[in-house]
Amino acid sequence: MSTNDLLAELAAGVRGDVQADPVSRALYATDASIYQIMPAAVVLSLDEADVAAALRVARRRQVPILPRGGGTSLAGQAVGQAIHLDFTKYMCRLLELNAAEGWAWVEPGMVLDRLNGLLAAHGLMFAPDISPSNRATIGGMIGNNSSGMYSLVYGKTIDHVLELRVMLSDGSVVHMGPLSEEELRAKLTLDSLEGRVYRTVHRLAHEHADEIARRFPRLLRRVGGYNLDAFVPADGGRGFNLANIIVGSEGTLGVILAAKLRLVPRPRHTAIGILAFETLDDALDAVVPCLECRPAAVELMDDLLLDLTRKSRQYAQYLASFVRGEPAALLQVEFFGESEAEGLAGRDGWERPRGPPAGSFPRAVTPAEKQAVLQVRKAGLPLLQSLSPDLRPETFVEDSAVPPERLGDYIRRFRAICHEHGVRVAFYGHASVGLMHARPLLNLKDAADVRTMRRIAEEIKDLVIAFGGALSGEHGDGLLRSEFCRELFGEALYEAFREIKRSFDPRGLLNPGKIVDAPPMDANLRYGPGYRVALPLETHFRFRDTGGMAGAVELCNGNALCRKTAGGTMCPSYMVTRDEEHSTRGRANALRMVLSGALPAAELTGERMREVMDLCLECKGCTGECPSRVNMTRLKSEWLAHYHAAHGVPLRARLFGNIHTLSRVASAAAPLANALLGMPGAGLLGERLLGISRHRRLPRFAREPFHAWFERTRAERPAGLGRPPVVLFPDPFTPYTDPEAGAAAVRVPAT
Ligand SMILES: Cc1cc2nc3c(=O)[nH]c(=O)nc-3n(C[C@H](O)[C@H](O)[C@H](O)COP(=O)(O)OP(=O)(O)OC[C@H]3O[C@@H](n4cnc5c(N)ncnc54)[C@H](O)[C@@H]3O)c2cc1C
Ligand code: SF4
């Protein structure tokens with residue numbers, strides 16, 4: 001079936017947005033992982049009816065469906081050759097809140113920070129505290145069973161999902177929640193897909209109770225496989241709630257339409273203590289003693305990250321504000337308390353009874369210093385990314401977890417494996433729950449490094465199994481780890497997982513190839529040995545720092561910070577439109593796909609690319625805020641030059657390109673220029689000729705430009721008073737249309 005047929009059929013049934021042109025599909029070909037697969041189409045569903053319509057087309061056409069949130073997944077579960085159902089634009093509302101009983105119903109596209117912002121007035125929050133909270137969605141968190149730094153206190157998403165409304169693969173909509181024995185018996189007798197999946201999960205959990213006890217890692221942090229363990233009464237005591245199998249199922253069993261979430265009170269006070277160590281080993285050995293003091297979190301940073309932070313112009317000051325000397329590892333130990341005293345008591349607790357752990361220099365952190373600690377935590381990954389243009393801190397063994405008491409031995413062996421392969425690796429993360437984020441530095445464009453990646457992944461898988469750990473404690477299986485599920489869980493449980501998948505999704509339409517029956521982890525790579533720059537451009541900028549324009553767009557690793565909708569500047573066009581194509585990531589991906597030949601060369605200066613680039617304000621928000629340092633301002637200027645070369649320079653661009661000269665002339669004849677601009681019809685003419693909205697108030701030209709005012713008033717200003725000079729660079733608008741702004745700026749140093 002052609003893409004056009006698919007588009008037509010989707011458009012006929014879906015009232016939300018449907019996109020199937022190559023550029024739109026390319027925007028959804030990646031998430032934050034190392035993978036890339038071109039989708040079949042993209043649907044931004046308006047409501048349940050749209051989801052049902054898309055699923056009908058998928059069934060009729062035998063094209064898979066992939067539900068998607070913010071696309072921040074790190075294991076590739078949000079990419080696939082499927083119809084992507086994006087919930088973030090429309091299906092993102094808070095449906096019902098009962099603060100007294102502590103629950104809320106929300107749609108899947110709701111972003112975590114936005115939800116918690118709405119709950120703050122009630123002193124409540126949805127507890128799993130993932131780090132991309134400003135762009136990751138509830139649907140994605142449920143899909144991945146996400147959790148964060150404070151999982152010691154709050155557990156994982158599964159611990160906070162009460163009920164779900166789910167569309168099954170046959171289009172039926174079912175409600176999943178805790179059931180009494182009698183209710184469960186009724187479900188088991190249903191003659192429908194719903195009845196069938198209840199029977200399958202119920203039977204498999206009983207048949208495999210012993211194997212589950214034997215093979216499921218006994219860890220707080222295990223998110224791989226299907227949650228069959230949640231249905232074994234002796235294990236979880238959760239009661240039978242089919243929602244538990246949907247949590248962590250990565251969109252492979254059903255489409256979540258709404259979720260009833262448990263809400264918890266916000267912690268009133270927190271306190272942090274810093275432990276600094278001369279070796280990473282000492283830090284790892286201190287984790288268990290720290291846990292005896294019942295902290296909310298113990299976070300670790302290793303020597304590679306600390307060294308990079310110390311050398312960073314931007315972040316060194318933050319580190320220096322709470323760390324003395326040059327330790328090789330840090331533990332940040334955080335406590336919650338109902339009062340400040342309680343939080344501080346917890347913090348002091350680790351020190352008093354037993355003295356500081358060996359090799360450490362304890363340093364308490366005041367509330368004012370917390371901000372610095374947060375900055376240092378945030379700095380780690382971007383600093384690693386900037387280490388070398390070729391080597392990247394790759395995500396493929398990045399979130400395994402082992403029992404905390406075995407963490408030291410595990411990391412020592414982990415490091416040895418990487419070193420045997422001649423690969424540097426950085427460690428940071430949630431020591432309190434035995435979960436270390438590990439980022440080996442590799443160049444996946446190089447065939448040898450892809451082979452090394454695979455070997456390291458296999459050896460770490462064996463190590464994890466030997467330590468009774470979990471291959472994923474946080475980010476899920478996706479395309480990265482599903483291949484290894486059989487070995488981790490054993491033949492019997494893996495076959496049980498496959499049976500669950502077949503029972504829910506007999507035609508294999510829901511995000512296939514994740515958790516079970518997955519392709520090899522080294523297939524479908526975004527950058528693989530075959531990756532090349534297929535469209536070498538003569539560029540106007542040199543792009544020296546990134547080795548060319550392609551390198552500048554490749555900086556984007558898909559982490560999607562540019563999809564935040566509050567705080568900071570990046571990215572204003574996304575904040576307003578909520579369209580992936582108007583985010584920095586969307587633009588970088590569109591350019592990369594053309595430069596790498598995944599899209600035809602003609603797309604570079606085509607109409608779709610113009611639409612993607614058009615709303616970029618060149619505000620430089622991303623230059624300062626993007627953790628991967630994507631500089632879309634420069635890229636847009638470069639792209640615009642190529643676009644104009646292909647299509648000619650429009651009058652509007654010529655006018656603004658010469659705005660300084662034109663403004664000088666208009667200012668010299670200010671009364672006339674202002675009268676002309678104020679005439680009836682001037683707005684309309686400006687709109688027709690130059691594309692400037694007629695609703696915009698046009699600027700008025702000053703009779704006395706800023707520099708003339710500056711000279712005239714020079715004598716009135718006090719001399720320098722021995723202070724260093726301040727240099728003012730007026731932009732092209734300040735002298736002639738905004739001289740008051742310039743004058744105000746001149747007055748500031750004088751005050
Ligand atoms: C820099 C960075 C830091 C991260 N830190 C953390 C962290 O601290 N903790 C953590 O747990 N994870 C972390 N992650 C991973 C990721 O952000 C989380 O798993 C997050 O919850 C994914 O949310 P999302 O909205 O982006 O989902 P997506 O990536 O869009 O989707 C995730 C999965 O859920 C499925 N899904 C989405 N919506 C639905 C639906 N309506 N119905 C059924 N299935 C659905 C998708 O098919 C997919 O399989 C991090 C990622 C990045 C890039
Ligand atoms: S420069 Fe463009 S891409 Fe970057 S934040 Fe501004 S509008 Fe977004």
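Tutor: Gladly; we will go from the domain layout to the details of one interface. Keep in mind that this is a predicted model.

Student: Which domains is the protein divided into?

Tutor: The assignment gives domain 1 (3–86), domain 2 (266–384), domain 3 (544–648) and domain 4 (655–750). Let us look at domain 1 and domain 3, whose C-alpha centres lie 22 Å apart. Their contact draws 20 residues from domain 1 and 19 residues from domain 3.

Student: How do I put a size on an interface?

Tutor: The accessible area lost when the parts come together is often used for that. Here, domain 1 and domain 3 bury about 1,400 Å² between them, with 54% of that on carbon and sulfur atoms.

Student: Which residues in domain 1 lose the most area to domain 3?

Tutor: They are Val23, Leu27 and Gln36, which together make up 38% of what the domain 1 side buries.

Student: And the polar side of the story: how many salt bridges and polar contacts are found between domain 1 and domain 3?

Tutor: The rule finds 1 salt bridge across this interface. Arg608 pairs with Asp21 in a salt bridge, and their closest N and O atoms are 3.0 Å apart.

Student: Which helix gives the most to the side of domain 1 that touches domain 3?

Tutor: That is helix H2 (residues 22–27), with 5 residues. By residue class, this side of domain 1 has 9 nonpolar, 8 polar and 3 charged residues.

Note on methods:
Residues are numbered from 1 along each chain as its sequence is written. Chains are lettered from A and ligands numbered from 1 in the order in which they are written. This is a predicted model: local features need pLDDT of at least 70, side-chain atom pairs count only at pLDDT 80 or more; totals for chains, interfaces and linings use all residues. Side-chain values use heavy atoms; hydrogens and water are left out. Domain bounds come from an automatic or database domain assignment. Contact means heavy atoms within 4.5 Å. Buried area is the accessible area (1.4 Å probe) that two parts lose on being put together, summed over both. A salt bridge is a side-chain nitrogen of Lys or Arg within 4 Å of a carboxyl oxygen of Asp or Glu. Helices (H or I, at least four residues) and strands (E, at least two) are DSSP runs, numbered from the N terminus. Ala, Val, Leu, Ile, Met, Phe, Trp, Tyr, Cys and Pro count as nonpolar, Asp, Glu, Lys and Arg as charged, and the others, Gly among them, as polar.
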